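Take a look at the sequence and the structure below. Then use the briefing to find your way around.

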Protein chains: 2
Amino acid sequence: MEFKEAKNKFVQTWGALGSQWGINKTMAQIHALLMVSHEPISMEDIMEELQISRGNASMNLRALMDWGIVYKEYKAGERKEFFTAEKDLDELAVKISRERSKREIKPALKVLKEVSAIESDGTAAEKHFVDQTSKLYDFVLKADNVLDKITEYKDNWLAKLVVKIMK
Amino acid sequence: MEFKEAKNKFVQTWGALGSQWGINKTMAQIHALLMVSHEPISMEDIMEELQISRGNASMNLRALMDWGIVYKEYKAGERKEFFTAEKDLDELAVKISRERSKREIKPALKVLKEVSAIESDGTAAEKHFVDQTSKLYDFVLKADNVLDKITEYKDNWLAKLVVKIMK
DNA sequence: ACAAACTTTCATTTTTTTTTGAAAGTTTAA
DNA sequence: TTAAACTTTCAAAAAAAAATGAAAGTTTGT
């Protein structure tokens with residue numbers, strides 16, 4: 001396999017993986033492309049390489065920047081904007097975790113708290129509902145916190161995590 | 001808030017969360033419904049409660065059973081099939097992790113290994129590509145393993161995890 | 001073997017999501 | 001201030017994903 005083929009395969013795979021995780025294909029592909037590029041790329045080049053429209057490129061680049069995992073760069077003397085991806089993988093994981101937690105987990109937790117707080121009459125159905133949603137709340141809260149801790153201490157996270165939780 | 005309203009809110013929220021994680025809305029909703037139900041539910045009742053067609057119900061129930069998080073049950077004397085969800089949350093997490101790892105992470109790892117193995121000529125571009133995809137391979141492999149370990153020891157996973165990894 | 005009581009399948013339709021591209025907007029340099 | 005060189009926006013189109021429902025398939029009891 002040669003370079004171009006490998007790069008293409010990587011971009012395609014990363015794109016497919018993205019869609020399975022609720023991220024749109026183009027967004028994941030642009031990110032993939034930027035990750036393996038050793039120098040900043042212009043919108044023009046992204047469009048060219050991925051065969052996508054200007055609008056598509058613009059919107060997905062904005063989304064990636066909102067996630068904090070792609071940056072704009074300006075080259076001296078050039079009018080055009082260039083883009084780079086966060087390449088430190090720990091940093092990338094931290095940012096993605098934080099963002100997904102904020103956007104998805106936190107709101108879900110709020111709802112779980114609400115619905116588990118209903119006044120149950122005594123029926124088995126209602127008792128089970130309250131019980132199950134309460135457990136779910138605790139579980140999701142704990143999982144979210146663990147993720148937070150893991151990503152908080154990127155380096156050596158395991159050891160520090162243990163200290164923090166065990167004490 | 002009363003029971004019916006709370007249940008509905010939970011089912012809707014779980015469904016929305018599902019779509020953000022690459023699981024289709026109905027599948028997540030059926031799962032939600034079964035999770036908070038204290039007794040097995042028939043396909044008929046699922047269709048009724050979620051206002052979906054027979055085909056849709058059937059296909060999504062099959063998918064949930066393929067994931068191993070919903071079970072068929074037979075009630076004595078009844079011809080109809082009933083369904084229950086895995087309600088133990090640790091067990092649920094284990095099954096979802098395993099399945100996603102098998103279906104998505106493992107194939108991605110295979111590709112990462114492949115593309116990071118190209119013979120780099122000396123150019124910066126190719127060197128960077130090999131370097132970055134190798135790092136990515138290591139990172140994803142490690143993350144996948146940690147998840148595996150966490151879910152392997154549902155109870156007390158943290159302590160055992162430390163022992164296993166630290167030694 | 002038959003038929004009633006169910007479930008599954010899959011071509012078609014519907015809905016949702018993504019992409020396009022042209023117009024509007026912005027920035028810079030002269 | 002103007003115009004060239006860009007980027008963003010967003011209504012419309014296209015593509016992808018999900019849902020429908022009727023026909024085909026299966027199972028069970030008699």
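Predicted model: local features only at pLDDT ≥ 70, side-chain atom pairs only at ≥ 80, totals over all residues.

Residues are numbered from 1 along each chain as its sequence is written, chains are lettered from A and ligands numbered from 1 in the order in which they are written, and side-chain values use heavy atoms, with hydrogens and water left out.

**Chain A overall**

- Chain A has 7 helices and 3 strands. Helices (H or I, at least four residues) and strands (E, at least two) are DSSP runs, numbered from the N terminus.
- From the N terminus on, the order of elements is α-α-β-α-α-β-β-α-α-α.
- Of the 167 residues in chain A, 47% are buried. Buried means under 20% relative accessible area, exposed over 50%, and partly exposed in between (1.4 Å probe, protein chains only).
- Among contacts in chain A with a separation of 6 or more, 50% join residues 24 or more positions apart. A contact means heavy atoms within 4.5 Å.

**One exposed residue: Lys127(A)**

- Lys127(A) sits in helix α6 (residues 124-152) of chain A.
- Its relative accessibility is 54%, so Lys127(A) counts as exposed.
- Leaving out residues up to four places away in sequence, Lys127(A) touches Ser120(A) and Gly122(A).

**Between the chains: α1(A) and α5(B)**

- Two packed helices are described by the angle between their axes and the distance between the axes.
- The axes of α1 (residues 3-20) of chain A and α5 (residues 89-116) of chain B come within 9 Å and cross at roughly 165 degrees. Axes are lines fitted to C-alpha atoms, for helices over the stretch in contact, and angles run from 0 to 180 degrees between N-to-C directions.
- α1(A) and α5(B) are therefore roughly antiparallel. Angles under 35 degrees count as roughly parallel, over 145 as roughly antiparallel, 65 to 115 as roughly perpendicular, and the rest as oblique.
- Residues making the contact include Phe10(A) and Leu17(A) of α1(A), and Ala108(B) and Leu112(B) of α5(B).
- By class, this contact has 7 nonpolar, 2 polar and 4 charged residues. Ala, Val, Leu, Ile, Met, Phe, Trp, Tyr, Cys and Pro count as nonpolar, Asp, Glu, Lys and Arg as charged, and the others, Gly among them, as polar.

**Inside chain B: helix α3**

- In α3 (residues 43-50) of chain B, Met43(B), Ile46(B), Met47(B) and Leu50(B) are buried. They cover an arc of only 100 degrees around the axis, which puts them on the same side of α3(B). The arc is that of the directions from the helix axis to the C-beta atoms.
- An α-helix has 3.6 residues a turn, so residues three or four places apart point the same way.
- These buried residues of α3(B) pack against α1, α2, β1, α4 and β3 of chain B.
- Just after α3(B), Gln51(B) takes a positive phi of about 55 degrees.

**Two neighbours of α3(B)**

- The axes of α3(B) and α4(B) come within 10 Å and cross at roughly 115 degrees. The two helices are therefore roughly perpendicular.
- The contact of α3(B) with α4(B) has 5 nonpolar, 1 polar and 2 charged residues.
- α2(B) and α3(B) pack at about 110 degrees, with axes 11 Å apart. That makes α2(B) roughly perpendicular to α3(B).
- Ile30(B) of α2(B) and Ile46(B) of α3(B) are among the residues making that contact.
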